[in-house]
Amino acid sequence: MNSKMVIESIAKEVKKRFEGESSGHDWWHVYRVWKMAQHIGREEGADMYVLELAALLHDIADHKFHNGDDTVGPKIARQVLSGHKVPDDVIDHVCEIIATLSYKGAGVTTDMRTLEGKIVQDADRLDAIGAVGIARCFAYGGHKNRPMHIPGEEPVLHQSKDAYFKSAGPSINHFYEKLLLLKDRMNTKIARRIAEERHKYMEDYLDRFYREWEGEA
Ligand code: ADP
Ligand code: NI
């Protein structure tokens with residue numbers, strides 16, 4: 001199999017695994033991250049094979065669905081990649097990216113070592129903001145039976161991964177706990193530019209949300 005065939009085959013496999021998932025972690029999230037990673041990667045001169053594989057496999061076994069175990073993702077990714085006879089150095093790189101990628105709270109840094117890691121992280125974070133990000137936030141909240149908004153319930157800037165993963169606040173608080181913090185955490189210039197615009201859109205959205213909440217026009 002050449003690399004194009006490997007990517008197509010893995011995309012198919014990932015799509016199959018995600019069928020029926022509605023918490024905001026679905027094939028179409030992976031698809032958007034994959035497309036955005038390609039967009040950024042072409043401009044940044046990234047290794048596109050590593051980049052595309054990491055984008056496709058980045059949420060293959062999210063820790064949230066494995067009782068906080070963040071070693072399951074890289075393990076499954078390794079199986080899928082070995083099954084396609086991908087070279088060991090590529091597998092190691094992709095698994096490193098998957099293991100270190102995710103957001104772990106306002107006060108926790110998650111630095112990526114390589115350009116390809118930085119780009120997948122940017123693409124994943126861009127999908128958490130803007131119009132799609134807003135939709136995902138409420139979809140996730142609904143999936144977890146969280147209220148949209150409780151006036152007076154303050155957001156928490158989590159200082160540890162555990163505290164962040166245990167949080168169960170209203171969905172609107174998630175804007176302050178994560179979404180609005182992402183624009184300053186982008187790794188690449190293009191992602192920063194896209195994030196600026198999506199950020200403004202979320203600020204306008206919140207402004208309208210509170211006005212409508214209080215019966216204003
Ligand atoms: P990612 O796929 O970017 O790693 P997560 O796994 O953290 O994102 O979460 C999936 C989606 O659900 C994201 O859009 C995220 O912002 C949203 N989400 C995560 N935690 C919460 C929460 N406590 N309330 C509302 N939305 C959330
Ligand atoms: Ni993701």
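**Entry 1: helix H10 and its partners**

I looked up what the buried residues of H10 pack against, and I found helix H2 (27-44), helix H6 (115-126), helix H7 (130-143) and helix H9 (171-177); contact here means heavy atoms within 4.5 Å. Helices are DSSP runs (H or I, at least four residues), numbered from the N terminus. The residues of H10 that I noted as buried are Ile-190, Ala-191, Ile-194, Ala-195, His-199, Met-202, Leu-206 and Phe-209, where buried means under 20% relative accessible area, exposed over 50% and partly exposed in between, with a 1.4 Å probe and protein chains only.

Just after H10, I came upon Gly-215 with a positive phi of about 75 degrees.

**Entry 2: how I read the model**

The model is predicted, so local features need pLDDT of at least 70 and side-chain atom pairs count only at pLDDT 80 or more, whereas totals for chains, interfaces and linings use all residues. Residues are numbered from 1 along each chain as its sequence is written, chains are lettered from A and ligands numbered from 1 in the order in which they are written, and side-chain values use heavy atoms, with hydrogens and water left out.

**Entry 3: the nickel ion**

Which residues coordinate the nickel ion (ligand 2)? I found His-29 (NE2), His-58 (NE2), Asp-59 (OD) and Asp-124 (OD), at 2.1 to 2.2 Å, and along the chain these donors follow the spacing H-x28-H-D-x64-D. Donors are N, O and S atoms within 2.8 Å of the metal (3.2 Å for Na, K and Ca), and water is not among the atoms, so sites may look incomplete. Both His-58 and Asp-59 are buried.

The 13 residues of helix H5 (residues 88-100) should span 18 Å at 1.5 Å a residue, and its end C-alpha atoms are 19 Å apart, which agrees. Buried in H5 are Val-90, Ile-91, His-93, Val-94, Cys-95, Ile-97 and Ile-98, and they pack against helix H3 (48-57), helix H4 (72-83) and H6. Ala-99, also in helix H5, counts as partly exposed because its relative accessibility is 38%.

In helix H6 I turned to Glu-116, which is buried yet has no salt bridge, the nearest side chain of opposite charge, Arg-113, being 7.9 Å away. A salt bridge is a side-chain nitrogen of Lys or Arg within 4 Å of a carboxyl oxygen of Asp or Glu. Not counting residues up to four places away in sequence, Glu-116 touches Ala-46, Asp-47, Val-50, Leu-51, His-93 and Ile-97.

**Entry 4: the nonpolar core**

Of the 63 residues in the largest nonpolar core, Ile-10, Leu-53, Leu-57, Val-94, Leu-126 and Phe-175 touch the most other members. The largest share of this core, eight residues, comes from H3. Such a core is a set of buried Ala, Val, Leu, Ile, Met, Phe, Trp, Tyr and Cys residues joined through side-chain atoms within 4.5 Å.

**Entry 5: positive phi in two loops**

Most residues other than glycine have a negative phi. Lys-85, not a glycine, has a positive phi of about 55 degrees; I placed Lys-85 in the loop between H4 and H5. Asn-145 has a phi near 60 degrees and sits in the loop between H7 and helix H8 (161-166).

Methods:
The expected span of a helix is 1.5 Å times one less than its number of residues. Lys and Arg count as positive and Asp and Glu as negative; His and the chain ends are not counted.
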